[in-house]
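Here is a short briefing to read alongside the sequence and the coordinates.

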Amino acid sequence: YRSKNILVSEPSLTDLEEKYLLQAYRSTFISGGAGKFKRRLETEFARMCGCRFGVATANGTVAINLALCAAGLKEGDEVIVPSFTYVASVAAIVTAGGVPVMVDCDETV
């Protein structure tokens with residue numbers, strides 16, 4: 001028996017990604033909000049989604065937190081999450097002031 005790694009996704013890295021990486025690296029705008037690549041991502045992603053604005057975040061936890069705040073989550077509001085979840089979803093709820101409520105859809109549990 002030989003185990004096989006199962007990748008969540010296989011990266012697609014071409015010469016274009018290398019070109020953009022080197023441009024960002026050489027410009028010194030590789031973090032924070034000052035770089036042209038971040039603005040371009042936000043603009044093009046918003047356009048692709050049919051929205052007026054897009055907001056790039058550092059990670060998914062921050063994105064979930066912002067979405068909860070934008071949705072009007074108030075201190076103490078309960079947010080239903082599946083019992084089989086990633087810690088980031090629960091952390092974002094708590095950070096936004098909500099109370100995670102774990103649920104399971106399996107009636108035998």
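A polar contact here is a pair of N or O atoms within 3.5 Å; within protein, one atom must be able to donate a hydrogen and the other to accept it, and residues adjacent in sequence count only if both atoms are side-chain atoms. The model is a predicted one, in which local features need pLDDT of at least 70 and side-chain atom pairs count only at pLDDT 80 or more, while totals for chains, interfaces and linings use all residues. Residues are numbered from 1 along each chain as its sequence is written, and side-chain values use heavy atoms, leaving out hydrogens and water.

**Overall layout**

- The protein has four helices and two strands; helices (H or I, at least four residues) and strands (E, at least two) are DSSP runs, numbered from the N terminus.
- Read from the N terminus, the order of the elements is α-α-α-β-α-β.
- Buried residues make up 16% of the 109 residues of the protein, where buried means under 20% relative accessible area, exposed over 50%, and partly exposed in between (1.4 Å probe, protein chains only).
- Among the contacts with a separation of 6 or more, 19% come from residues 24 or more positions apart; contact means heavy atoms within 4.5 Å.

**How α1 and α2 pack**

- Two packed helices are described by the angle between their axes and the distance between the axes.
- Helix α1 (residues 15-27) packs against helix α2 (residues 36-49) at about 130 degrees, and their axes are 10 Å apart.
- That angle makes α1 oblique to α2: angles under 35 degrees count as roughly parallel, over 145 as roughly antiparallel, 65 to 115 as roughly perpendicular and the rest as oblique.
- The axes are lines fitted to C-alpha atoms, for helices over the stretch in contact, and angles run from 0 to 180 degrees between N-to-C directions.
- On the α1 side the contact is made by Y20, Q23 and A24, and on the α2 side by K36, F37 and R40.
- By type, the residues of this contact are three nonpolar, one polar and two charged; Ala, Val, Leu, Ile, Met, Phe, Trp, Tyr, Cys and Pro count as nonpolar, Asp, Glu, Lys and Arg as charged, and the others, Gly among them, as polar.
- F37, a residue of helix α2, is partly exposed at 25% relative accessible area.
- Leaving out residues up to four places away in sequence, F37 touches Y20, Q23 and A24.
- F37 and A24 are 13 residues apart along the chain, and their C-alpha atoms are separated by 7.7 Å.

- N59 belongs to the loop between α2 and α3 and is partly exposed, with a relative accessible area of 37%.
- Where helix α3 (residues 60-70) starts, a side-chain oxygen of N59 comes within 3.0 Å of the backbone nitrogen of T61.
- After α3 comes G72, which has a positive phi, near 90 degrees.
- N65 sits in helix α3 and is buried, with 15% relative accessible area.
- Apart from neighbours within four places in sequence, N65 is in contact with A92, T95 and A96.
- Helix α4 contains A88, which counts as buried at 10% relative accessibility.
- N59 and A88 are 29 residues apart along the chain, and 9.6 Å separates their C-alpha atoms.
- S89 is also in helix α4 (residues 87-95), and with a relative accessible area of 15% S89 is buried.

**Cysteines**

- A disulfide is a covalent bond between the sulfur atoms of two cysteines.
- How many disulfides does the structure hold? The count is zero, taking a disulfide as a pair of cysteine sulfur atoms within 2.5 Å.
- C49 is in no disulfide, and the nearest cysteine sulfur, that of C51, is 5.4 Å away.
- C51 is likewise in no disulfide, with the sulfur of C49 as its nearest cysteine sulfur.
- C49 is partly exposed at 42% relative accessible area, and C51 is partly exposed at 44%.
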